[in-house]
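Dear colleague,

I am passing on the structure we spoke of, with its sequence, so that you can look at both before reading my notes. Please open it first.

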Amino acid sequence: MTSVHHRSRHWVIGDVHGCAEALDQLLERLPAQDRLIFCGDAINRGPSIAASMERIWGLVDSGRAVWLRGNHEQDLITALRTESWFSARKLAGCDTYRQLGDSHCRQWLERLQHLPMAYWGDGWVATHAGFNPLTWQPDLQVRLDFWQHYDGRFGEVVIGHTPGPHVRRLRHIVMVDTGACYGGELSAYCPETKAVVTVPGLQPHLAQPLPGFRSEPTQPALSSR
């Protein structure tokens, strides 16, 4: 896990999912001196996965950003490291694998498998999906169990993973995946100031169909824009 080493503002960015154009627009609106925390699932779904990965990794390499592991990164890591018919089938259905190809994906493997699971700030933490309430360790798939049982022990937890129409809060949890690859928005949330910055995601004719599971809680939006 990664921890903050100096006092500065941070922006936790929701699931990019290959929306490189929206990411560039969002970065133009965020202060250049602030730290960026990408909340996982930078890959898959969108049309510009390689460009998104390169853009984010350039920010990581410069020391400005942290890229957290999401379930889509984990699925790709697992499939690339496992030789079986099931892994081959998973790769065949993976947008990242189709867009980048086998060789390019394997060049990324070393980087992806070292992505941290969480970033700890001052009174807040960012992770992709939440924490398993049995172990209180980061969990890349958890949803309702975490939402229902989180007791505030880590302060505010900022997560992506579940798309919704706006950045929303459930007690101590802030959800920043606003469905950029589904025709929604790409959002960034500042834990220090509670500010939100959003830009449009993919145009409807390019967007992926929204997944059938949309079980986010109904909560008032935070101030956006």
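Predicted model: local features only at pLDDT ≥ 70, side-chain atom pairs only at ≥ 80, totals over all residues.

Residues are numbered from 1 along each chain as its sequence is written, and side-chain values use heavy atoms, with hydrogens and water left out.

The mean pLDDT (the predictor's confidence in each residue, from 0 to 100) is 91 for the protein, and 90% of its residues reach 70 or more. Residues 213-218 have a pLDDT below 50, although in the model this stretch has 15 contacts beyond near neighbours in sequence, a contact meaning heavy atoms within 4.5 Å.

The protein has six helices and 11 strands, both taken as DSSP runs numbered from the N terminus (helices are H or I, at least four residues; strands are E, at least two). Of its 225 residues, 52% count as buried, where buried means under 20% relative accessible area, exposed over 50% and partly exposed in between, with a 1.4 Å probe and protein chains only. Among contacts between residues at least 6 apart in sequence, 65% join residues at least 24 apart.

Axes here are lines fitted to C-alpha atoms, for helices over the stretch in contact, and angles run from 0 to 180 degrees between N-to-C directions. The crossing of α1 past α2 is left-handed, that is, the near helix is turned anticlockwise from the far one by less than a right angle, clockwise being right-handed. On the α1 side, A20, L23, D24 and L27 meet A51, S52, R55, I56 and L59 of α2. These residues divide into six nonpolar, one polar and two charged, with Ala, Val, Leu, Ile, Met, Phe, Trp, Tyr, Cys and Pro counted as nonpolar, Asp, Glu, Lys and Arg as charged, and the others, Gly among them, as polar.

In the second pair, the axes of helix α3 (residues 71-81) and helix α4 (residues 85-92) come within 8 Å and cross at roughly 135°, which makes α3 oblique to α4. Here too α3 passes α4 in a left-handed crossing. The contact brings D75, L76, T78, A79 and L80 of α3 to S87, K90 and L91 of α4, and its residues divide into four nonpolar, two polar and two charged.

Two residues other than glycine have a positive phi. R45, in the loop between β3 (35-38) and α2, has a phi near 75° and counts as partly exposed, at 26% relative accessibility. H161, in the loop between β7 (156-159) and β8 (168-170), has a phi of about 80° and is buried, with a relative accessible area of 7%.

Finally, P209 lies in the segment after β11 (196-200) and, at 66% relative accessibility, counts as exposed. Its C-alpha atom is separated by 6.2 Å from that of Y182, although P209 and Y182 are 27 residues apart along the chain.

Technical notes
Parallel < 35°, antiparallel > 145°, perpendicular 65-115°, else oblique.
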